[in-house]
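Here's a quick tour for anyone opening this one for the first time. Have a look at the picture, then read on for the main points.

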Amino acid sequence: MDIEVTRATMRFGGVRAVDDLSFRYAAGGVLGLIGPNGAGKTTLLNALSDVSRLDSGRIRLRGNDITRLGPEKVARLGVARTFQNLQVFGSLSVLDNVLVPRWALGKGADRAAGLAVLDRVGIAEHADRLAGTLAYGLQRRVELARALAAEPELLLLDEPLAGLSRVEGNRAAELFADLADDGITVVLVEHDVSSVLAVSRHVVVLDRGTVLASGTPDEVVADHAVRRAYLGEED
Ligand SMILES: Nc1ncnc2c1ncn2[C@@H]1O[C@H](COP(=O)(O)OP(=O)(O)OP(=O)(O)O)[C@@H](O)[C@H]1O
């Protein structure tokens with residue numbers, strides 16, 4: 001799904017969390033969003049799923065202006081997300097966690113459809129367990145499966161590797177790349193920069209609500225402003 005952000009600004013009191021930010025991204029692959037704490041990554045992700053609205057500026061997804069659309073209509077356009085703080089329905093079975101969004105969106109909510117989604121993220125064997133009883137890494141996969149259950153064109157992931165072991169993290173990053181190969185556009189907000197660089201087609205580096213750098217992983221790593229401001233290097 002093509003993304004076009006034009007002069008987006010979002011303020012919280014005196015703080016410009018996103019400040020006159022613009023970029024374009026052509027559909028497909030993984031778009032990595034990195035930047036220091038407070039750079040505005042989560043705020044931008046919220047704006048892309050219209051959980052919170054912009055103060056000014058415009059966001060177009062596949063040519064549709066979503067700036068005033070509201071989260072439900074944005075979801076129907078094919079946008080799904082996961083959250084920085086894990087959000088699974090702990091007292092529902094793993095299977096029901098993925099059937100809820102399918103039911104809500106009027107997609108087939110039968111067991112076979114649910115199991116296919118669980119299988120995609122490697123947790124079909126846990127289908128009938130209560131989600132809240134699974135280990136943290138597996139709950140992360142439930143959350144991802146729930147987002148995938150909506151059959152999104154654009155998948156927004158907010159720090160999906162946080163709290164995972166190195167092995168789990170590598171496996172998850174490979175899965176994101178596979179999902180992108182399947183044709184889903186993936187936006188990956190992540191502090192684990194090496195994983196982002198490994199799987200992204202394009203990386204946008206945010207700093208204080210604006211774009212510090214934007215390019216291929218190689219271009220971003222070589223960028224002086226990034227090395228100075230983000231990686232803490234001297235010239
Ligand atoms: N709901 C809010 N109320 C007040 N200020 C907020 C709110 N959400 C974000 N901010 C502020 O906006 C700025 C950007 O925050 P945001 O969470 O988007 O950054 P981030 O890049 O995702 O950071 P992190 O990597 O720490 O998650 C920060 O200064 C933050 O304190």
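Let's start at the ligand: helix H1 gives the most to the shell around it, with three residues. Keep in mind that this is a predicted model. From the ligand we'll move on to the sheets, then the domains, and finally a few single residues.

**Around the ligand**
- Who's in the shell? The residues around the ligand are Phe 12, Val 15, Ala 17, Gly 35, Asn 37, Gly 38, Ala 39, Gly 40, Lys 41, Thr 42 and Thr 43.
- Strand S2 (15-25) and helix H1 (41-48) each bring at least two residues to that shell.
- Sorted by class, the shell has four nonpolar, six polar and one charged residues.

**The open sheet**
- Four strands make up an open sheet, in the order S2-S1-S4-S5, and the pairing is antiparallel.
- S2 and strand S5 (64-65) are the edge strands, each with a single partner strand, so one side of each has no neighbour in the sheet.
- Inside the sheet, strand S1 (residues 3-12) and strand S4 (residues 56-61) run antiparallel and are joined by five bridges.
- Helix H1 lies across S1, S2 and S4, and it runs at about 60 degrees to S2.

**Strands S3, S9 and S10**
- Strand S3 and strand S9 (residues 202-207) run parallel, with four bridges between them.
- Leu 206 has Val 211 in S10 as its bridge partner.
- S9 and S10 form a hairpin with two residues between them, and Arg 208 sits in the turn.

- Ala 39 is one of the residues around the ligand, and its place is in the loop between strand S3 (30-34) and H1.
- Is Ala 39 buried or exposed? It counts as buried, because it has 23 C-beta neighbours inside 10 Å, and the cut-off for buried is 20 or more.
- Leaving out residues up to four places away in sequence, Ala 39 touches Leu 206, Asp 207 and Arg 208.
- For a sense of scale, the C-alpha atoms of Ala 39 and Ser 93 are separated by 36 Å, and the two residues are 54 apart along the chain.

**Two domains**
- The chain is split into domain 1 (1-78 + 152-235) and domain 2 (88-151).
- Their C-alpha centres lie 25 Å apart.
- Where they meet, nine residues of domain 1 are in contact with nine residues of domain 2.
- On the domain 1 side of that contact there are six nonpolar, two polar and one charged residues.

**Two residues with positive phi**
- Most residues other than glycine have a negative phi.
- Arg 208 isn't a glycine, yet its phi is positive, at about 50 degrees.
- Arg 208 is in the loop between S9 and S10, and with 16 other C-beta atoms within 10 Å it is partly exposed.
- Glu 151 also has a positive phi without being a glycine, with a value near 55 degrees.
- Glu 151 is found in the loop between helix H5 (136-149) and strand S7 (154-158).
- With 15 C-beta neighbours inside 10 Å, Glu 151 counts as partly exposed.

Methods:
Residues are numbered from 1 along each chain as its sequence is written. This is a predicted model: local features need pLDDT of at least 70, side-chain atom pairs count only at pLDDT 80 or more; totals for chains, interfaces and linings use all residues. A residue is near a molecule or strand if its C-beta atom, placed from the backbone, lies within 6 Å of it. Ala, Val, Leu, Ile, Met, Phe, Trp, Tyr, Cys and Pro count as nonpolar, Asp, Glu, Lys and Arg as charged, and the others, Gly among them, as polar. Two strands pair if DSSP finds at least two bridges between them. Two residues are in contact if their C-beta atoms, placed from the backbone, lie within 7 Å. Axes are lines fitted to C-alpha atoms, for helices over the stretch in contact, and angles run from 0 to 180 degrees between N-to-C directions. A residue is buried if 20 or more other C-beta atoms lie within 10 Å of its own, exposed if 12 or fewer, and partly exposed in between; C-beta atoms are placed from the backbone. Domain bounds come from an automatic or database domain assignment.
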